[in-house]
Amino acid sequence: MTLFFQRHRIVVLHVAFWCFYFSFFFYQISLSRRGEEVNLLEAFYNTVSHVSYVALAAYLNYAIALPRFMRHKNWGRYLLEFAIPFALLTFLYVYAKRFQIDGCTHKVEFFYSQKFIVLTLVGTLFIVIFVAMFKFLEDWFELEAKRKEIENEKLNAELRFLKAQINPHFLFNTLNNLYALAFAQSPNTTEVIAKLSQMMRYMIYDSNHAKVPLRKEIEYMENYISLEQLRLNNEIPIEFKVDGNPDTVKIVPLILITFLENAFKHGVSNNAPDAWIRLHLVLTGTDILYTVENSKLAKANPEPPGIGLQNVRRRLELSYPGQYELDILDDPDAYAIRLKINHLN
């Protein structure tokens with residue numbers, strides 16, 4: 001229902017206004033003859049004729065004169081194009097009203113007076129101007145919709161750019177690992193190639209969707225962990241726990257992997273016997289709680305932060321605005337991130 005009103009809000013606004021105006025005018029006519037018995041059928045016919053005349057005048061301006069003016073921007077031409085049809089329409093309405101009231105016999109003098117004509121013109125022009133405001137409101141809605149569309153296109157382009165930065169970063173690291181295994185003639189080389197192929201298929205095809213099943217993202221992370229364990233000869237303890245059912249949850253692709261990559265990059269090496277990584281994914285009815293903890297390597301020249309963390313922060317802002325919390329804990333001997341995402345929106 002909400003979507004219907006958003007798509008047809010101008011039409012709904014017009015219908016609501018004319019329903020209100022019809023009811024108001026009918027009520028006014030019903031009260032105009034105090035002390036006399038009200039003829040509701042006559043009041044209804046009078047209301048129908050009056051509202052029809054006013055609506056014709058209003059939409060003569062709204063649908064014809066005003067759009068033409070907005071193209072040529074000539075006030076004299078606009079007044080001429082509207083004034084002549086409006087004057088003719090008013091003349092016909094006044095004559096029809098007199099015929100409807102007393103058959104043009106001058107029994108009800110008010111409808112033959114200048115006051116009636118002036119009140120008719122002023123009241124109708126007021127409604128014409130009021131309805132014309134709907135045109136400017138409609139144009140504003142269209143401009144706002146186009147602005148949001150352009151903004152969304154820019155955000156989507158930025159998201160695609162950020163995602164494209166992730167793929168070469170991962171590929172560079174994995175190819176280095178594959179080269180090392182091939183150079184050492186490791187029997188695990190074919191397994192690495194198979195897992196890499198599976199992961200590349202996910203990155204190229206599945207990750208092009210706005211959201212993917214969390215199960216696929218987890219499988220991607222498990223393959224990544226397997227590749228790293230092969231490189232490290234399974235000497236580093238890596239714990240990955242998932243609590244909840246990932247088959248019922250969808251997530252923006254390649255969001256979680258960056259934190260795992262950073263854990264291996266900054267917390268694990270072949271000659272660090274005390275290195276470790278722990279991942280914990282908890283799924284609730286509305287939230288994804290993701291924790292990554294890793295040991296810290298003592299480095300003489302610490303590396304500056306890479307583009308991975310900056311990218312994932314920006315992607316979170318674009319994909320889950322106001323729907324995520326990211327906390328980073330940087331202790332002397334350990335590093336941890338805690339990410340909470342509301343996955344229902």
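Student: In which helix is A180 found, and is this residue buried or exposed, or something in between?

Tutor: In this predicted model, A180 is found in helix α5. Buried is under 20% relative accessible area and exposed is over 50%, so A180, at 42% relative accessibility, counts as partly exposed.

Student: Which residue 51 places away along the chain can A180 be compared with, and what separates their C-alpha atoms?

Tutor: That residue is R231, which is 51 residues apart from A180 along the chain, while 8.2 Å separates the two C-alpha atoms.

Student: How is the packing of α7 and α8 to be read?

Tutor: Two packed helices are described by the angle between their axes and by the distance between those axes. Here helix α7, residues 214-231, packs with helix α8, residues 257-267, at an angle of about 15 degrees, and their axes are 10 Å apart. Angles under 35 degrees count as roughly parallel, and α7 and α8 are therefore roughly parallel to each other. Their crossing is right-handed.

Student: Which residues make the contact between these two helices?

Tutor: From α7 come E217, Y220, M221, Y224, I225 and E228, and from α8 come I257, L260, E261 and F264. Sorted by kind, the residues of this contact of α7 with α8 comprise 7 nonpolar, no polar and 3 charged.

Student: How many residues of α8 are buried?

Tutor: Helix α8 is mostly covered, as 9 of its 11 residues are buried, and among them are T258, F259, N262, A263 and G267.

Student: How many residues has the largest nonpolar core, and which have the most contacts inside it?

Tutor: The largest nonpolar core has 47 residues, and Y290 and L339 are those with the most contacts inside it. Several elements each supply at least two residues of this core, including α5, α7, α8 and the strands β4, β5 and β7, and the largest share, 8 residues, comes from α7. Leaving aside residues up to four places away in sequence, Y290 touches several others, including M221, L260, L281 and L339. Another core, of 33 residues, lies apart from the largest one, and I10, L60, A132 and F134 are among its residues.

Student: Where is R98 placed, and is R98 buried or exposed?

Tutor: R98 has its place in helix α4, residues 75-102. Its relative accessible area is 18%, so R98 is buried. With residues up to four places away in sequence not counted, R98 touches G103, C104, F111, Y112 and I117.

Notes:
Residues are numbered from 1 along each chain as its sequence is written. This is a predicted model: local features need pLDDT of at least 70, side-chain atom pairs count only at pLDDT 80 or more; totals for chains, interfaces and linings use all residues. Side-chain values use heavy atoms; hydrogens and water are left out. Helices (H or I, at least four residues) and strands (E, at least two) are DSSP runs, numbered from the N terminus. Buried means under 20% relative accessible area, exposed over 50%, partly exposed in between (1.4 Å probe, protein chains only). Contact means heavy atoms within 4.5 Å. Axes are lines fitted to C-alpha atoms, for helices over the stretch in contact, and angles run from 0 to 180 degrees between N-to-C directions. Angles under 35 degrees count as roughly parallel, over 145 as roughly antiparallel, 65 to 115 as roughly perpendicular and the rest as oblique. A crossing is left-handed if the near helix is turned anticlockwise from the far one by less than a right angle, and right-handed if clockwise. Ala, Val, Leu, Ile, Met, Phe, Trp, Tyr, Cys and Pro count as nonpolar, Asp, Glu, Lys and Arg as charged, and the others, Gly among them, as polar. A nonpolar core is a set of buried Ala, Val, Leu, Ile, Met, Phe, Trp, Tyr and Cys residues joined through side-chain atoms within 4.5 Å.
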